[in-house]
Each structure stands twice: as C-alpha cells, then as structure tokens.
Amino acid sequence: MSTTPIINPNDPEKDYSILNLGPTHPATHGIFQNVLTMDGEMIVKAEPTVGYIHRAFEKLAEHRPYAQITPITDRLNYCSSPINNMGWHMTVEKLINCEVPKRAQYLRVIIMELSRIADHIVCDTVIAVDSGAMTGFLYLFQWREKIYEIFEEICGARLTTNIGRIGGMDKDFNEKAWNKLTAFLKEFPKALKEFDALVTRNRIFVDRTVNCGPITAERALAYGFTGSNLRAAGVDYDVRVAAPYSSYEDFEFTVPVGTTGDTYDRYAVRMAEMWESMSIIQQAIDKLPSGPIHADVPEFYLPAKELVYSSMEALIYHFKIVMGETDIPIGEVYHAVEGGNGELGFYLVSDGGRTPYRLHFRRPCFIYYQAYPEMISGGMLSDAILTMSSMNVIAGELDA
Amino acid sequence: MTTQELHDFVLSNSENISSSIVTSYVDRDFPCFEVKKENILEVMKHFKESTELSFGFLTTCCAMHFPEQGDKEFGMVYHLHNMQANTRIRVKTFFPKSDLKISSLVSLWPSANWMERQEYDFFGVQFQGHPDLRRILNMDEMNYFPMRKEYPLEDAGRDDKQDKYFGR
C-alpha cells in the first residue's frame with residue numbers, strides 16, 4: 001500500500017465525520033475501539049485504542065511459580081489455549097534442559113494441531129459471517145465444539161485448558177478421547193469440504209474479500225507480521241519449519257502461502273492450513289511411539305494427585321514444587337511456537353527464584369494490529385470489519 | 001551454523017561498530033551482544049542493513065529492571081531475526097535510572113512503535129524520536145510505571161481485606 005495519503009485529513013474543504021467503532025460492537029468480535037475519521041463511507045484515518053481487557057500478565061507472572069503460569073497463558077489467545085500452554089511448558093523445559101519423551105511430544109503435536117484447527121475455524125467462519133454468509137458458519141462452527149469435547153476428555157477443561165505439565169503430559173489420552181479423535185478425523189473433512197464448497201468460490205464472498213485490506217510482504221515484515229497473515233502476503237515463514245519444536249521435523253507438511261495479503265488470501269491460507277493440520281494429526285497418530293508420557297524430572301514435573309496421597313516421594317516433590325523449594329537454573333531463554341496467529345514467543349529471565357524474574361510474551365496480535373489503520377485507510381467501513389476479522393485479532397492476546 | 005559460529009560471524013562483520021559493542025557471548029541458542037545505549041540506533045541499523053547480517057525482522061523488544069545493579073538498573077532486550085538465513089540474535093543495552101532516554105527504533109521498524117509504547121507504559125523508558133509515545137495498555141491517567149520492581153504485587157496472604165466489601 002502506498003504510504004502517501006490519498007486524502008488529506010486536514011483539508012478544510014472537506015467535512016469529515018468521526019465514527020466511534022467499538023469498544024463493544026457486535027461486528028468487531030471482541031473489545032476493540034477504533035476512532036474513524038470518515039469521508040462518507042470511506043475511512044480517512046483510524047486511531048485504534050487497545051488495553052480494554054489488560055490483565056497485567058507479565059506482572060502476575062513475576063509473582064507465580066512456574067507451574068501456575070500455565071493458566072495465565074490460557075488466557076492469551078483463548079481460541080487456541082493449548083498451543084500457548086505447550087509453548088510455555090517448552091520454554092521452561094528449555095531453561096531446565098529437559099528432553100521430553102517422543103510419545104509426549106507427539107501427543108502435544110496432536111493437541112496443538114487440533115487447537116490450530118479450532119482457531120482457524122473461528123477465524124474463517126467469522127470472515128464468512130462478516131461478509132454475509134451465515135450458513136457456512138453454522139455448519140462448521142459445531143466442529144470447534146467437537147474439538148473442545150476432545151480437549152475435555154484429555155484435560156477436563158474446554159476453553160482455558162491448562163493441558164500438560166512442565167516435563168511432559170499430565171496423563172495419556174483415554175479411550176474416550178481416542179474414539180472422539182478418530183470420529184473427528186473421519187467426519188471433519190466432510191464438513192470442511194462442505195464449507196469450502198459453500199464459501200470459497202462463492203461469487204459474493206470472492207467479490208467482497210478479494211483486494212480487501214491488502215498488505216504487501218515488505219510492509220507486513222516491517223510491521224512484524226507472523227503466522228497466517230504473513231504467509232498470506234507471500235512469505236513462507238512458519239516457526240514449525242524454521243525452528244522445529246516438539247518433533248515437528250518428523251512430519252511432512254507444506255506451508256501454504258498467498259500472494260496479495262488481502263482478506264481472501266488470509267482466508268485461503270487458513271483453509272489450507274486446516275488440511276495440513278489434519279494431515280499432521282493423522283501422521284502423529286500413525287507414528288505414535290509407545291513409552292513414558294513425561295520426562296524423569298521429579299523436581300519440576302507435578303506428580304499425579306493419587307500418587308501425592310499414597311507415595312512419600314510424590315508428596316515431597318509436590319510440596320517442593322508448590323512451595324517453590326526447587327532450585328531453578330539461573331538464565332534466560334527465548335522460545336517461540338507457531339500459535340494460531342503467528343510466532344508466540346516467551347522470553348523468560350530466571351534469577352533462580354521461585355518465580356520468573358521477568359517474563360515477556362511476544363504476542364503476535366499486539367504486534368501486527370498496529371498495521372490495521374494503514375490497511376483500512378482509503379477503504380470502505382464494511383471492508384474494515386472484514387479486514388479485522390481476517391487478521392484474527394484476539395482481544396486476550398492483544399491486551400495480555 | 002552453530003551458535004558460536006554465528007556469534008563469531010556477526011562480530012567479524014561488525015568491525016565498523018565494534019567500539020559500540022561492550023561485550024558479547026553465547027547464551028544457549030542465542031548469540032548475545034551488549035551494546036552501548038548511546039549507539040543503539042547505529043548498531044541496530046548496521047545489524048538490519050548490512051548485507052552480510054541483514055537481521056531484517058524485529059521479533060520483540062522488552063525492558064528490564066534490576067534495582068540492585070546501579071548503573072545497569074534498566075535494560076532493553078531486542079531479539080532480531082534474519083529470516084532468509086534463519087538466524088537469531090539478542091541485543092541488550094543497560095542504563096541507569098537517572099538516564100532513561102534511548103533512541104527509538106521506529107525509523108527502522110514500524111513494528112517497534114507499539115512495542116516501545118508498551119515498554120514506556122510499564123517501565124517508563126523514554127524513547128527518543130518515537131512519533132507517539134503514550135501509554136498503550138494502561139489508562140492515560142496512571143502516574144507510575146507498574147512493572148518496575150518497587151511495585152510488588154499484593155501479598156496473597158494478606159488479611160486486612162474485609163469480605164463484606166467484596167460481596168462475599
């Protein structure tokens with residue numbers, strides 16, 4: 001997009017109106033305020049305000065033991081909390097030099113790819129809704145519910161999952177979880193194909209989304225885009241490939257890229273990624289090794305509750321972990337995972353204490369949302385709504 | 001390229017700014033460079049625009065507070081990424097509380113805009129040359145910088161709170 005303004009916002013000849021879009025507006029799917037300067041239906045200037053659901057996670061994290069920070073990460077991008085959980089576990093595992101067994105890594109991959117599908121279902125169906133296609137949304141959105149049912153079998157929670165432990169998984173999948181997962185793998189492709197047939201080549205949808213809120217690869221990189229939004233602009237950067245974690249190097253998958261970085265490309269990249277995620281899950285199930293589901297790090301791995309009540313060692317380690325009696329290595333690590341929206345990074349500084357000395361979250365939404373005014377100026381108001389939903393800005397991650 | 005080799009490679013290609021680098025070392029998977037605060041813009045420009053290094057992507061930046069460190073009380077940590085070569089480095093700089101001014105990197109990376117606003121908001125680091133240095137996540141009326149270590153979180157065990165004020 002050219003940086004020279006097409007319209008001069010201070011032109012005395014023009015009579016602009018101010019439109020306050022948000023903070024609570026049904027079309028913005030979250031608490032986002034944008035003060036728009038409008039020339040009729042056209043946006044001249046936008047001024048986003050963020051911070052409406054700021055909960056001071058970085059400060060909170062300085063007060064909590066490592067195991068208690070996982071529930072905080074749930075609430076970053078709450079559409080794909082398991083990825084955040086795993087990212088945090090892997091950050092601490094990097095700090096304590098702990099190698100997680102292959103089975104746990106594969107189980108993590110299955111969970112992370114399921115939540116990536118759930119995240120992309122939200123984004124893609126909402127793009128469809130905002131362009132007027134309610135039917136596709138209704139058909140596909142129930143599959144997010146099925147994914148949450150699988151999570152429920154794995155960890156007992158649905159949205160804020162707190163899946164896994166530092167050092168591995170807390171428990172293996174039970175039979176119900178496997179059955180639900182198998183059923184999901186069998187049925188979901190049909191539903192996704194149906195949605196694809198309803199929306200992807202729909203004339204109205206294509207007319208609405210092509211060339212809506214585009215961004216070039218160069219500007220996207222300058223604005224710190226990562227994830228699907230960057231790939232839609234044509235840059236094949238994916239943390240799963242660039243810096244494989246949790247055995248992603250064992251799986252065959254392609255990284256879909258777009259060309260123009262507009263709403264349609266962002267939609268299409270996410271659709272393609274859902275198919276890739278399905279393939280990764282299938283590969284992980286086929287190759288799933290047997291063996292332990294957590295590393296042998298009793299100083300960091302919270303023992304199962306029934307062991308705490310029945311075995312002395314487990315009780316001691318439980319007490320030491322919860323009371324912060326464990327020696328945590330001093331050091332600093334940066335670890336990144338491919339979250340639903342892009343590179344979710346954790347920069348952790350430990351001074352050996354019970355809690356992190358400093359924990360900084362690299363939240364992809366927060367960084368790329370600042371490009372929003374540039375992407376929507378000169379366009380129509382209705383395109384601004386579509387652009388926002390296609391960027392998949394999640395309020396929890398934006399405001400931390 | 002191992003991390004040590006990357007570290008040596010970056011150093012050998014940074015001779016024109018070598019006087020700005022205070023110290024450098026390898027920390028796990030990251031080569032780290034501590035640089036002088038006065039020259040941060042020049043150093044980052046070199047890291048970004050030198051054809052050999054081309055760390056063109058600012059992954060993240062965050063401020064730090066170490067109340068016991070005297071002249072190194074505050075710090076900024078930047079993570080840079082060269083996406084073509086898939087290499088990352090960490091750049092650090094420290095400064096005392098009496099001098100919280102540091103050059104803004106918005107001229108190099110537009111993405112630094114909100115990242116720096118966030119660190120101003122929480123630590124009060126004064127970014128010089130920032131186009132719009134306002135609070136971002138906290139309310140505008142706030143008159144302190146909450147992530148500094150002198151503001152501890154409330155003790156979870158305090159008993160001077162009366163339940164009746166909280167509807168319990």
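**Briefing: a helix pair in chain A and a sheet in chain B**

In chain A, helix H6 (residues 175-199) packs against helix H11 (residues 263-287) at an angle of about 155°, and their axes lie 12 Å apart. The model is predicted. In chain B, 5 strands form an open sheet, and helix H2 (residues 40-49) of that chain lies across part of it.

**The helix pair of chain A**

- Angles over 145 degrees count as roughly antiparallel, and H6(A) and H11(A) are therefore roughly antiparallel to each other.
- H6(A) passes H11(A) in a left-handed crossing.
- On the H6(A) side, the residues making the contact include A:Trp178, A:Phe184, A:Phe188, A:Lys193 and A:Asp196.
- On the H11(A) side, A:Tyr267, A:Met271, A:Trp275, A:Gln282 and A:Ile285 are among the contributors.
- Sorted by class, the contact of H6(A) with H11(A) has 16 nonpolar, 1 polar and 2 charged residues.

**The sheet of chain B**

- The strands of chain B follow the order S1-S2-S5-S4-S3, with mixed pairing.
- Strands S1 (21-27) and S3 (57-65) of chain B stand at the edges with a single partner strand each, so one side of each has no neighbour in the sheet.
- On average, neighbouring strands of this sheet are turned by 20° against each other, direction ignored.

**Strand pairing and the helix across the sheet**

- Strand S2 (residues 30-35) and strand S5 (residues 87-95) of chain B pair in the parallel sense over 3 bridges.
- B:Glu34 has B:Lys92 of S5(B) as its bridge partner.
- Helix H2 of chain B lies across S2, S4 (74-82) and S5 of chain B, and runs at about 175° to S5(B).

Notes: Residues numbered from 1 in each chain as written. Chains lettered and ligands numbered in written order. Predicted model: local features only at pLDDT ≥ 70, side-chain atom pairs only at ≥ 80, totals over all residues. Heavy atoms only, no water. Axes fitted to C-alpha atoms, helices over the stretch in contact; angles between N-to-C directions. Helix = DSSP H or I, 4+ residues; strand = E, 2+ residues; numbered from the N terminus. Parallel < 35°, antiparallel > 145°, perpendicular 65-115°, else oblique. Left-handed = near helix turned anticlockwise from the far one by under 90°. Contact = heavy atoms within 4.5 Å. Nonpolar A, V, L, I, M, F, W, Y, C, P; charged D, E, K, R; others polar. Pairing = 2+ DSSP bridges.
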